[in-house]
Amino acid sequence: MKHSYLTALVLIAVIAAIAIGSQLIGIRLYDRIATNLLISLVLVVGLQTFMGNSGLLSFAHIGFMGLGAYTSAVLTIPAQMKGMALPDLYDFMKVVEISPLLAMLAAGVLAAVVAAVVAYPLMRLSDAASVITSFALLVVLYTVMNNWSAFTNGPRTLFGLPKTTDLPIAAIVAAVVVVVALLFKESRTGKLLRASREDEVAAAALGANIPHLRWRAFILAAFIAGIGGALWGHFITSFAPKAFYLKETFLIITMLVIGGANTVTGAVAGTILITFAYEGLRGTEGALNATAIGAGQVVGLTEIVLALAMIAVMIVKPGGLFPNREIGHILTRARRKKETVA
Amino acid sequence: MAFTIQFVIDVLSLGGAYALMALGLVIIYGILRLVNFAYGELIMVAGYTMYLSSGSGLPWLVMAALAVAMAVLFGILTDYAAFRPVRAKSVTAVLITSFAFSNLLQNAALLFISPRPRNVPLPDIFSQTVSIGGAITPVRNLITIAASIVLLAAVAFLMRRTTLGIAMRAAATNFTMARMLGVPANLIISSAFALSGFLAGVVGILWIGRIGTVVPGVGLEPLLVAFIATVIGGMRSLPGAVVGGFLLALIDTTLNYTLSQDLLKFRDAFTFSLVILILLWRPQGLIKGPASGQRT
């Protein structure tokens, strides 16, 4: 238990270092990248609470992020702008305008409620069937976002969200989410769930109600995703449903998997690593586009490299960079070893 | 009467295509217990092969055969790139590598060909219509029905009567035991991927024949259809996949005819909700496959 505190401390220190470091450098581009990184961190750690503990791959996570982003948008776009931003919105919703903080909470709660209703039957499935249905769920959420014009402005870009997310807020939310994920991992539910991940039959024989445990983790993950979505929405201020689909899903799964899905440390490490790699590759792509004369746009190079990296990591180190021990655990073990040697 | 005929032809042609898609996915799943996320990209490969060979002046049937051959080749490539290196490791690892491989192929098409839709050469017969008992039907629907009947019969024959098919079914039931009895594991898995690629190639031509163009994301819808059909039908059973395909087509077509224009946009959401209901009732799918044995 003690090393969990150390883990929390180290990870919060890393988050603080990113936030403060980028503030000190004072370049606006770095601020943007750092904020983006911390928002991705919220999403990836959220996914880890479900995927890491239950061992089931979930594709629906980004869908819940979208749900959160749209909820917060509908609740916070100023009343006088709603006529333009959301022309088809139902009348009674047109006057609603609440503070972004409250809206963020509402976004998380709504995502969690939707997850609770939809996922209840799905959690009885395991292995491939559960992965497939989570994929289908992503498509359903995307279809709804793309077509429910009253709330989402359809496939068109929704604009007018107040820009309230900045680096400190993103850092605070990320730190809280990391602590929640660690607490959940060590809670009774988390422990039983991890037991079911290792051996479904044995855990069930010991009395673990696996579908119910998974259901709880899934709700928590959706709640965090909703919060992350709201956070992202108020950072980017205008978006369209296609922001919440396969490309983003691929990105956060890459982050989690390369870092190591079973640990919160892995989620954090993967997010940082892939964000830097992604920005670097995007920069290269941009430079190539600027130099290549008449050769057409270079698109998709980033994803190709990331996909190759993912396959390579899976072959060499299938558990990711931090396959089963949190950073606190690794540090305490290293110290103890030194003591025994000395 | 005309309406009934129209409805039946719609269901059968859509269902035939869906059943073939599902079958290609379930062949891999049955043996390896692994979902191939790169399955949709095999359809994309078939489409782009058609597009790339359209300038060559070859007869259409040769181009189609070439497209199917490329799909088979890429099916085998999927095995080597995404499955074989991690097969013995965790199930999640393989899901992820196949997902990554799917992204790899899609973005390669984006990078080397174009993000914009490309026209695929089609023979005139694909755009003609005939009238059957008062119902006007595109000929391509009849071609799809014919092709699916022939292929389903061929796969059934392969699975029941040939050594390869029997070995595949043995591997699907109990992989370890099959290996001990002298079934060469790698060969069986590669042939399963080749067969899956073959089905994907044929479906690809029929499917892209409906749309007329190919884009890097063209494989997504067939992949989803195959997913849902196999989940409804039962992940482990080949007849289940076929039943699931036809059932899904029935649901889709019925919704097409009954939903109003406003609600039709949400058709996919309705279909998938129905799937969730079916799973509530039968989590194993409609047809149970053989009891699961150990993998690899």
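A:Thr237 is partly exposed, with 15 other C-beta atoms within 10 Å. On this scale, 20 or more other C-beta atoms within 10 Å make a residue buried, 12 or fewer make a residue exposed, and partly exposed lies in between; C-beta atoms are placed from the backbone. The model is predicted: local features need pLDDT of at least 70 and side-chain atom pairs count only at pLDDT 80 or more, while totals for chains, interfaces and linings use all residues. Residues are numbered from 1 along each chain as its sequence is written, and chains are lettered from A and ligands numbered from 1 in the order in which they are written.

A:Thr237 sits in the loop between helix 12 (210–236) and helix 13 (246–259) of chain A. Its phi is positive, near 65°, though the residue is not glycine. Most residues other than glycine have a negative phi. A:Asn153 also has a positive phi, about 65°, and is not a glycine. The loop between helix 8 (149–152) and helix 9 (167–186) of chain A holds A:Asn153. A:Asn153 is buried, with 22 other C-beta atoms within 10 Å.

## Chain A overall

Chain A has 16 helices and zero strands. Both are DSSP runs numbered from the N terminus (helices H or I, at least four residues; strands E, at least two). Its C-alpha atoms fill a box of roughly 70 × 50 × 40 Å along the principal axes.

Buried residues make up 52% of the 342 residues in chain A. Of the contacts in chain A between residues at least 6 apart in sequence, 80% join residues at least 24 apart. A contact needs C-beta atoms, placed from the backbone, within 7 Å.

## A:Leu37

A:Leu37 belongs to helix 2 (residues 28–54) of chain A. With 24 C-beta neighbours inside 10 Å, A:Leu37 is buried. Neighbours within four places in sequence aside, A:Leu37 is in contact with A:Ile18, A:Thr271, A:Ile272 and A:Thr275. A:Leu86 is 49 residues from A:Leu37 in sequence and 29 Å away in space, C-alpha to C-alpha.

## The A–B interface

37 residues of chain B are in contact with 35 residues of chain A. On the chain B side, helix 4 (91–112), helix 9 (220–233) and helix 12 (267–281) each supply at least two residues. Helix 4 of chain B gives the most, with 14 residues. By class, this side of chain B has 29 nonpolar, five polar and three charged residues. Nonpolar covers Ala, Val, Leu, Ile, Met, Phe, Trp, Tyr, Cys and Pro; charged covers Asp, Glu, Lys and Arg; the others, Gly among them, are polar.

## Helix packing in chain B

The axes of helix 1 (residues 2–32) and helix 5 (residues 139–161) of chain B come within 8 Å and cross at roughly 40°. Axes are lines fitted to C-alpha atoms over the stretch in contact, with angles from 0 to 180 degrees between N-to-C directions. Helix 1 and helix 5 of chain B are therefore oblique to each other (under 35 degrees is roughly parallel, over 145 roughly antiparallel, 65 to 115 roughly perpendicular, the rest oblique). The residues of helix 1 of chain B that meet helix 5 include B:Gly16 and B:Leu20. This contact has 10 nonpolar, five polar and no charged residues.

Helix 10 (residues 238–258) and helix 12 of chain B pack at about 140°, with axes 10 Å apart. B:Ile251, B:Asp252 and B:Leu255 of helix 10 of chain B and B:Arg267, B:Phe270, B:Thr271 and B:Leu274 of helix 12 of chain B make the contact. Those residues divide into four nonpolar, one polar and two charged.

How values were computed:
Contact = placed C-beta atoms within 7 Å.
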